Amino acid sequence: MVQLKLILDTRRAKSDGSYPIIFRITQYKKIYTLPTGFSVQLNLWSIHNREVIQEHPNALRINTLLNKKYYEIQKALLSLGDNFTIEELKALLNGKPKEVQEPATFKSFTDKLIKEMHQINKTGNALIYQTAVNRFLSFCINQNIQFHEITYTLLDQFRHSLTIQGLKINSISNYFRTLRAIYNKAIKQKIVERSRYPFYDLKIKSERTLKRAVLRQDLLKLEQLNLEMNTAEWKALMSFLLSFYLIGISFTDMAYLSRKNIIDGRVVYRRRKTHKEYSIKLFPQAEAILDLFYQEGSKYLIPIIPDYVVEDSLIAKKLIHQWIKTTNKYIKRLGLKVGIASPLTTYVARHTFATTAKRLGYSNELIAEALGHEYGNKITNIYLDSFDQEVVDDMHKRVIANLDL
């Protein structure tokens, strides 16, 4: 709410002992002042009536001009609304009309969001947003669509179109969760009214993905392959096995591992996706692969990202993405070569660790602890003690051992 008052500014007297009469504008917690050009002695000002008293020889003229100016400012404030700047108010009082801003389109708003994400190196989220926005705008006839034009009907048609194109339920779900997040941000920034929210009746479904684990004996076949060192397929296999030996560490986190992450025979790092801290025992199998990857003077344990590239930047993200893509291509070929029916991907290493642990008889709770997941009720889970590190290490050792499972 904006308040306008006419006051005598008694903070500093003029040389003749009078004080300036000013307009004080309060906008939320901000205070602005505008001069009137008049000043009077303290005893000639009525604090109660906010005017010059009759004893002043020019009281009538001054009060008339002050009242006129008061209503001019009040009229300007009403036309500007609550979210004005003092520059806009001054311009309007000087006869310059308020600039009419074009309403933000869906594209202009998301472009701004994505730019801000890149600026703070949230490139992963930026790419997710960009992909969803591109897909949605390619469906829309109007590329300058505004938020109030995004209706339930339009979104339902978009979902139908994606389904016809053969996209999986989880892919469609990811697009819609991103669009919903963008719309919620637009509401918070007063770009669109909440009453226009189109997602109330739109159910965003997802489905459990198929388990992509392979047997431990299948990994043994891969370990026994005799590949030429430093070739693309060798690097792919070593990366895949290293992920398995480090309890299914993600390839993104693996790419950022450096010497400082090796502490007292353990790999200690904070996962980029969840920010959860991990402490994984460095067993000989993983240590041997890290030694093979070692390059003198390199910042990282695995030569994926050059030292000069900024962490979490778009360039770093693209390099990791290409590494994952290349790894998937070669380990899929290697899997077929040794007779593994299920197509191998980087995710299989993590799934295989969990499945092998389960086949060895370990509890879901302990497996979840090792992989950094919550298990069971989230609220009650925070009251439970974590498993002793030695128990997790023992499971880790048995899972990666050369057992015929």
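Two exercises with worked solutions follow. The model is predicted, so local features need pLDDT of at least 70 and side-chain atom pairs count only at pLDDT 80 or more, while totals for chains, interfaces and linings use all residues. Residues are numbered from 1 along each chain as its sequence is written, and side-chain values use heavy atoms, leaving out hydrogens and water.

**Exercise 1.** Work out how helix α3 is oriented relative to helix α4.

*Solution.* 
- Step 1: find the helices, which are DSSP runs (H or I, at least four residues) numbered from the N terminus. Here α3 covers residues 106-119 and α4 covers residues 123-139.
- Step 2: get the angle between the axes, lines fitted to C-alpha atoms over the stretch in contact, with angles from 0 to 180 degrees between N-to-C directions. The α3 and α4 axes cross at roughly 160° and come within 8 Å.
- Step 3: name it. That angle makes α3 roughly antiparallel to α4 (over 145 degrees).

**Exercise 2.** Describe the lining of the largest cavity.

*Solution.* 
- Step 1: know the term. A cavity is a set of points on a 1 Å grid over the protein atoms alone where a 1.4 Å probe fits but cannot get out, and lining residues have an atom within 4 Å of a point.
- Step 2: list the lining: Phe106, Phe136, Phe147, Ile150, Leu155, Leu179, Tyr183 and Phe199.
- Step 3: sort the residues. You get 8 nonpolar, no polar and no charged (Ala, Val, Leu, Ile, Met, Phe, Trp, Tyr, Cys and Pro count as nonpolar, Asp, Glu, Lys and Arg as charged, and the others, Gly among them, as polar).

Notes:
Helix = DSSP H or I, 4+ residues; strand = E, 2+ residues; numbered from the N terminus. Parallel < 35°, antiparallel > 145°, perpendicular 65-115°, else oblique. 1 Å grid on protein atoms, 1.4 Å probe; cavity = no way out; pocket = protein on both sides within 12 Å on 5 of 7 lines; lining within 4 Å.
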